[in-house]
Amino acid sequence: MTFKPPTDAELAEIAEELGIYYTDADIAVYKRFIDRILDDIEWVARGTTPQFAPHDIDYSDREFGHKPTPENNPYNAWITKCRVEGAKNGPLAGKTVGLKDNISLAGVEMTCGSRLLNGYRPGIDATVATRLLESGAEITGKLNMESFSFSTSSDSSDYGKVTNPWDRNYIAGGSSSGSGVAPAIDEVDIAVGTDQGGSIRVPAACCGIVGLDPTTGLVPYTGIFPLDNTMDHVGPMAKTVKETAVALEVMAGNDGLDSRQPPSLDTDTYTEGLVEDVTDIEIGVLAEGFEHDESEQVVSDAVRDAIATFEDLGSTIRSVSVPLHDKASKFAFVIWGYGGLQIYKQSGQGSLYKDWYNTELMETFKRSKNTSMNELSDTEKAILLAMGYFDHGYPDPIYGNSQNLSLELQRKYDEVFEDVDVIALPTIPMKPFEMDGANDRVDRLLRESHLTKNTSPFSTTNHPSISIPVGTVDGLPVGLQLVADHFEEKKLIRVSYTLEQNIDWKDRTYST
């Protein structure tokens, strides 16, 4: 397309939106300036400079995939089924993997759980997809998710609700909802989820699997639809700690395209953490993680019983306190909500960070956004309008204040890690909600924030955390969340593996 000069009326409207005072003479000057730079802007827009993809691949022979029938998708965990074979040998040879549907797999439709991207087929593999395939995995499809990751429930996808594999009347957790279900029902060995406030750990807890949210930057986010650059994480989900560790070992490491990754990033041999030994581990039980207004005592009891097992195995247990933890979900919400607003404004990729940008996706998103705003879910509309209102109507720097609070929270956690190796608390402070359990639309929107009371704080501070199942309450799984200092994933794996090998969590039943 050829760029057209703006009209006086168009420039006046834009000036008013930006709060710029202008006269007719000013508009004439600005219009002349824009006329002069149109050729330069068009040169950039047409990609006259060299273009490249994160990874050179030939995907011409890949099948595009297909939509599974309801009979073959009983919990609605899948959006698209496909078969992309990896290398013949490697640590994941013979393993099947499902990708959350905001992770690019070249040639296979990527929807982000929204019909706004219906029909979009990326031309690249995300870095994690490339690494999984090179390690021998077979990618078998794209997993259902909450629309653009804006919910921690499992009922906002444009492709239908995802139901809990333990009881279809309950949520599966989100936003990586299908990634929680597929391993739980043995449809994949490993799922890959993304997390901005609990979206790996919440569905892991709800579905009774293991979900690992790594330190920010340990696993590259290249080729994945973002929400906020400071909180975007991608990590493995599986039935066992071992499979989670193997997947992390494959996925971790610098790709040279994600600015959150330090050039000197050191990875570890995470599978070496698969040993039963916690005799040198000090565990801090975070008091505030059990004391939310929404906390259910029976869930707290199940988690405390699991923590007591560590003491039997030789760990030292002590109580720790970080009062700001109780308020952290408030500023975590602002960060990812405001970040989501910027992603929406800026064509699905954000700005102000030196990463690889998927311009193909940006073009598709912008075109769809301009025609399909009303296709967004209730949750998306409510959050975007709320963030837009505060951004437009008030001078208070709520995003900046939130980031400053997250730095203070990080400092408080780091002080705790000077005395203990791991922090322990419930992954979610209550059992999963009933599907559509709240009739009022506002109540339904607000209750989702309760699920991330204990997960979102560590997303803002970028600490690694893992959810492992430790029992059931009224027939629904309960998760224990363990948190370690930055880049201490190997320690998390050792502590989690030891507990996993010494309890049969399905026999630990509780009732309200």
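**Ala137**

I started with Ala137, which is buried at a relative accessible area of 0%. For me, buried means under 20% relative accessible area, exposed means over 50%, and partly exposed is in between, using a 1.4 Å probe and protein chains only. I am working on a predicted model, where local features need pLDDT of at least 70, side-chain atom pairs count only at pLDDT 80 or more, and totals for chains, interfaces and linings use all residues. Residues are numbered from 1 along each chain as its sequence is written, and side-chain values use heavy atoms, with hydrogens and water left out.

I found Ala137 in the loop between α3 (127–134) and β3 (138–143). Helices (H or I, at least four residues) and strands (E, at least two) are DSSP runs, numbered from the N terminus. Leaving out residues up to four places away in sequence, I listed what Ala137 touches: Val84, Glu85, Gly86, Leu92, Lys95, Val97 and Leu132. Contact here means heavy atoms within 4.5 Å. I also checked Pro68: Ala137 and Pro68 are 69 residues apart in sequence and 21 Å apart in space, C-alpha to C-alpha.

**Helix α6**

Next I asked how many of the 11 residues of α6 are buried. I got 9 of the 11, so α6 is largely enclosed by the rest of the structure. The buried ones are Val241, Glu243, Thr244, Ala245, Val246, Ala247, Leu248, Val250 and Met251. They pack against α3, β4 (190–195), β5 (210–213), β6 (233–238), β10 (465–473) and α14. After α6 comes Gly253, with a positive phi near 125°.

I then took the pair α6 (residues 241–251) and α14 (residues 489–502), which pack at an angle of about 160° with their axes 9 Å apart. That makes α6 roughly antiparallel to α14. Angles under 35 degrees count as roughly parallel, over 145 as roughly antiparallel, 65 to 115 as roughly perpendicular and the rest as oblique. The axes are lines fitted to C-alpha atoms, for helices over the stretch in contact, and angles run from 0 to 180 degrees between N-to-C directions.

Which residues meet? I noted Val241, Ala245 and Leu248 in α6 against Glu489, Ile493, Ser496, Tyr497 and Glu500 in α14. The residues of this contact divide into 5 nonpolar, 1 polar and 2 charged. I count Ala, Val, Leu, Ile, Met, Phe, Trp, Tyr, Cys and Pro as nonpolar, Asp, Glu, Lys and Arg as charged, and the others, Gly among them, as polar.

**Cysteines**

I searched the whole structure for disulfides (a pair of cysteine sulfur atoms within 2.5 Å) and found 0. The sulfur of Cys82 is 16 Å from the closest cysteine sulfur, in Cys112, which is too far for a bond. Cys82 is buried at 7% relative accessible area, and Cys112 is buried at 0%.

Most residues other than glycine have a negative phi, and most peptide bonds are trans. With that in mind, I flagged the cis peptide bond joining Gly174 and Ser175, where omega is about 5°. Ser175 sits in the loop between β3 and α4 (177–184).

I also flagged Asp186, which is not a glycine but has a positive phi of about 65°. Asp186 lies in the loop between α4 and β4 and is exposed, at 57% relative accessible area. Asp474, also not a glycine, has a positive phi of about 55°. I located Asp474 in the loop between β10 and β11 (476–484), and at 32% relative accessibility Asp474 counts as partly exposed.
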